[in-house]
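This briefing goes through the two chains and the contact between them. Please keep the sequence and the structure in view while reading.

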Amino acid sequence: MSTGRPPPRPDERSAPYWAAAARHELTVARCSRCGATTLPPDLTCPHCGSTDPAFTFVATTGQGTVRSWTVVRTSFLPGFDDDLPFVLVDVELDEHPHIRLIGRLLDGVDAPLRAGAGVEVAFEDLEPDVSVPAFRLVP
Amino acid sequence: MSGRFAASGRVAIAGYAQTPIERHAGQTLGALAVDTARRAIADAGLEVADVDGFVGSSLLPTAGGHAAEDGVSIVSPNWLAQHLGANPRYAVGFTGIGQLPGSVALAVNAVASGAAEVVLVHRALHNPPSRYHGNPMTAAAGQQQWTAPQGYFSPLAMIALPYNEYLQRYGARRDDMAAVVVEARKNGARIPWSYWHDQPLTTEDYLAAPTLFDPVCRYDCDIPVDGVATFVFTTAERARHLPHRPVHVAGYAMSALSRHRLPLHWPLDDIVDGGAELARRLWSHAGIGPADVDLPQVYDGFSPFVWLWLEVLGFCPPGEAHRFVADGGIDSDRPGALPALSGGGALGNGRMHGVPQMLECYLQLSGRAGERQRDAHVGVACHSSPHHGGAVVYTRDPA
């Protein structure tokens, strides 16, 4: 199984996030010093400034709110041509409103979409043990 | 850390030169840059030996896998100084975003402090021969792991999200953007060096263009080009004795640091909040306000920036720019309107990264705009996004 799309290459900071995604769990990074959450995990904590944030990755409900979207009709990356057109949604996480994620909306381009729509996380399996967060509209 | 710029009005532009803006120039970028620098120095009534400072930005603004090779696809200040045969005591590159305002700020600071007396600011833009943003990556590493695997990639996607967020929030429509692009192309069509010279765009053509990343269509994006622009900065005192009427720098501002986000993710509130802070700093630095400006030149590398800059700089209320522009608010031919794209901008010239805005300020305020000459006293040249860029206030009179 391979889509030809560029899979994420986990690094030391992001490995737990992608390991959780492979289990179809959406996590966010939590600073061990101040407890604030963030994505992506930066070299320092964007909230308290710690240079040793020792991020842990905590589960989320995967519930969010659509703040914007775009319909992608051309791709500059390999592996997406067969999927065109597709929708990308800009999602504010309900439990972590300072964190916004961008993912494919798996409901298709004709799905009724509006700012403020509720979504929940879903996952696209790119390769064995490689899954990428996406979203579905909540009915 | 705010207040009026201590060197406000003390540094001036004394001359300039620019190449024609072409899809692919007949010379290498470095050769173009050397020729253009020589012409600018002569235009200012000076010689290469008089230039003791070089400032520029070398960013190659593509998402594609194109190599940045000095003299070929980029031109650094050091490369230019060396190939001109100059011996500067000050040669620095600006590495942030808002490349042209950032470079101008470095040049002005150098002249004001005496680190250099004559500084050449240049910007050289290159259009690589293969697909501009095409990227053959087989895995998404580093920052791109957070966005590329789901297909969020390129500046078109980057601007599409806040643009649509604006449309949804304020009830604006994609059709309203036609007035922005048609205005830019109208003005660009009147400019002999523009890639779009004699090629205005009709509203019908704009509306008929297919979208690429909804609501963005090709005409919302400036076209990649080869081109070089150079400006000569020196003290206002010295500039007074040179051939052309000097244009003074009243102040400048670079954007505030923005919120931690995914790469290339620019939520509308980040742009608006960061822009508000930039505007506050800019007016404070220059010692003027928006009511004093008769030549705002807003950045338009992507058309939605026009609405956003007009709003954050206070030329129209938040959420109103789409109506303001559609109602003729920036029509360069309408008496009493704000000619915010009179220089054609990026949409009307090509991807010159802030040069058309700066050049229009220079030409109009120095009285060198020829048939397009307007009666203008205070210009603002913007570049990039309000939350991730910069702006410079230029004045005809010293202070």
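Is strand 8 of chain A largely enclosed by the rest of the structure or exposed, and why? Strand 8 of chain A is largely enclosed, because six of its eight residues are buried. The model is a predicted one.

**Strand 8 of chain A and its partner**
- Strand 7 of chain A, residues 118-127, runs antiparallel to strand 8 of chain A, and eight bridges join the two.
- One bridge pairs D125(A) with S131(A), the latter in strand 8 of chain A.
- The two strands form a hairpin with two residues between them.
- D129(A) lies in the turn of this hairpin and has a positive phi of about 70°.

**Chain A as a whole**
- Chain A has one helix and eight strands.
- Read from the N terminus, the order of elements in chain A is α-β-β-β-β-β-β-β-β.
- Along the principal axes, the C-alpha atoms of chain A fill a box of roughly 45 × 35 × 25 Å.
- Of the 139 residues in chain A, 41% are buried.
- Among contacts in chain A with a separation of 6 or more, 51% are between residues 24 or more positions apart.

**Chain B as a whole**
- Chain B contains twelve helices and eleven strands.
- For 399 residues a compact globule would have a radius of gyration near 21 Å, and the 20 Å of chain B agrees with this.
- The box filled by the C-alpha atoms of chain B, taken along the principal axes, is roughly 55 × 50 × 45 Å.
- Buried residues account for 59% of the 399 residues of chain B.
- In chain B, 76% of the contacts between residues at least 6 apart in sequence join residues at least 24 apart.

**The contact between the chains**
- Chain A contributes 34 residues to the contact and chain B contributes 36 residues.
- On the side of chain A that touches chain B, at least two residues each come from strand 4 (63-72), strand 5 (86-93), strand 6 (100-105) and strand 8 (130-137) of chain A.
- Strand 4 of chain A gives the most to this side, with six residues.
- By class, the side of chain A that touches chain B consists of 19 nonpolar, seven polar and eight charged residues.

Definitions and conventions: Residues are numbered from 1 along each chain as its sequence is written. Chains are lettered from A and ligands numbered from 1 in the order in which they are written. This is a predicted model: local features need pLDDT of at least 70, side-chain atom pairs count only at pLDDT 80 or more; totals for chains, interfaces and linings use all residues. Helices (H or I, at least four residues) and strands (E, at least two) are DSSP runs, numbered from the N terminus. A residue is buried if 20 or more other C-beta atoms lie within 10 Å of its own, exposed if 12 or fewer, and partly exposed in between; C-beta atoms are placed from the backbone. Two residues are in contact if their C-beta atoms, placed from the backbone, lie within 7 Å. Ala, Val, Leu, Ile, Met, Phe, Trp, Tyr, Cys and Pro count as nonpolar, Asp, Glu, Lys and Arg as charged, and the others, Gly among them, as polar. The radius of gyration is taken over C-alpha atoms; the globule rule is 2.2 Å times the number of residues to the power 0.38. Two strands pair if DSSP finds at least two bridges between them.
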